[in-house]
Structure formats: structure tokens, C-alpha cells
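User: I am new to reading protein models, and I would like to go through one slowly. Could you take me through its features step by step?

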Amino acid sequence: MQSLRKTTTWIVPSGMRLARMSGGEMGSGAGKGGGGGGSIRDAGGSFGKMEVAHEEEYFYKQRQEQLAKLKQKAINHEDFHSESIKHHEEAIARHKQAIEELKKK
């Protein structure tokens with residue numbers, strides 16, 4: 001049991017050191033921000049940071065477009081269902097009138 005504790009104390013500090021060594025901001029070189037991302041990002045420096053900024057902007061715009069399409073689709077569905085409700089209400093009114101006329105006969 002004593003050797004298990006000793007092994008555990010060795011693993012934890014070295015793991016923490018590795019985590020600190022791999023830190024850094026995205027675009028600052030190879031292995032940062034999830035691994036290599038091409039030769040420009042691997043080189044690091046301002047070109048790597050600029051590449052990361054371009055990627056982030058691209059994905060932000062893509063998300064905004066997707067949200068706009070989703071919103072428009074929801075609006076279209078709402079309009080369709082509102083029209084359907086209106087047509088159904090008109091049909092109900094016609095049928096009620098037809099039933100009233102049949103009751104009179």
C-alpha cells in the first residue's frame with residue numbers, strides 16, 4: 001500500500017508540469033490550442049495569431065448565418081401555422097352554420 005501512495009505522488013506533480021508546459025494562447029506555435037493547424041499556425045508568431053483570428057471570425061459568421069436561417073425558418077413555420085389555424089377556424093364556422101341549417105329542417 002505504501003508503494004501505491006508513493007507512485008501516486010510521482011504521477012500527479014509530473015502531470016501538472018506537463019499541463020503547464022502545454023499552456024499558451026492559440027496560434028502561438030505547434031501543439032497549442034489543440035495541436036497543429038497547418039504550417040502558418042505551427043510557425044507561431046503574429047501570422048499564427050492572425051490565422052486563429054480569421055478562423056474564429058469565419059466560424060462566428062457561420063454560426064450567425066445558421067442562427068439567422070433557423071430564426072427565419074421558425075418565423076415561416078409560425079406564419080404557416082397561423083394561416084392553417086385561420087383556415088381551420090373558417091372551416092369550423094362553415095360546418096357549424098351547415099349544422100344549424102340542418103337542424104332547422
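User: How do I read the share of contacts in the protein between residues 24 or more positions apart?

Analyst: A contact means heavy atoms within 4.5 Å. Here, of the contacts with a separation of 6 or more, those between residues 24 or more positions apart account for 13%. Please keep in mind that this is a predicted model, in which local features need pLDDT of at least 70, side-chain atom pairs count only at pLDDT 80 or more, and totals for chains, interfaces and linings use all residues. Residues are numbered from 1 along each chain as its sequence is written, and side-chain values use heavy atoms, with hydrogens and water left out.

User: Which secondary structure does the protein have?

Analyst: Helices (H or I, at least four residues) and strands (E, at least two) are DSSP runs, numbered from the N terminus. This protein has three helices and zero strands, in the order α-α-α from the N terminus on.

User: What percentage of the residues count as buried?

Analyst: Buried means under 20% relative accessible area, exposed means over 50%, and partly exposed lies in between, with a 1.4 Å probe and protein chains only. Of the 105 residues in this protein, 7% count as buried.

User: Where is there a salt bridge, and which side chains meet in it?

Analyst: A salt bridge is a side-chain nitrogen of Lys or Arg within 4 Å of a carboxyl oxygen of Asp or Glu. By this rule the count is one, and it joins the side chains of Glu 57 and Lys 61 at 3.3 Å, N to O. Because these two residues are four residues apart in helix α3, about one helical turn separates Glu 57 from Lys 61. Glu 57 counts as partly exposed, because its relative accessibility is 40%, and Lys 61 is also partly exposed, with a relative accessible area of 45%.

User: Is Glu 89 buried or exposed, and why?

Analyst: Glu 89 lies in helix α3, residues 45-104, and counts as exposed because its relative accessibility is 51%.
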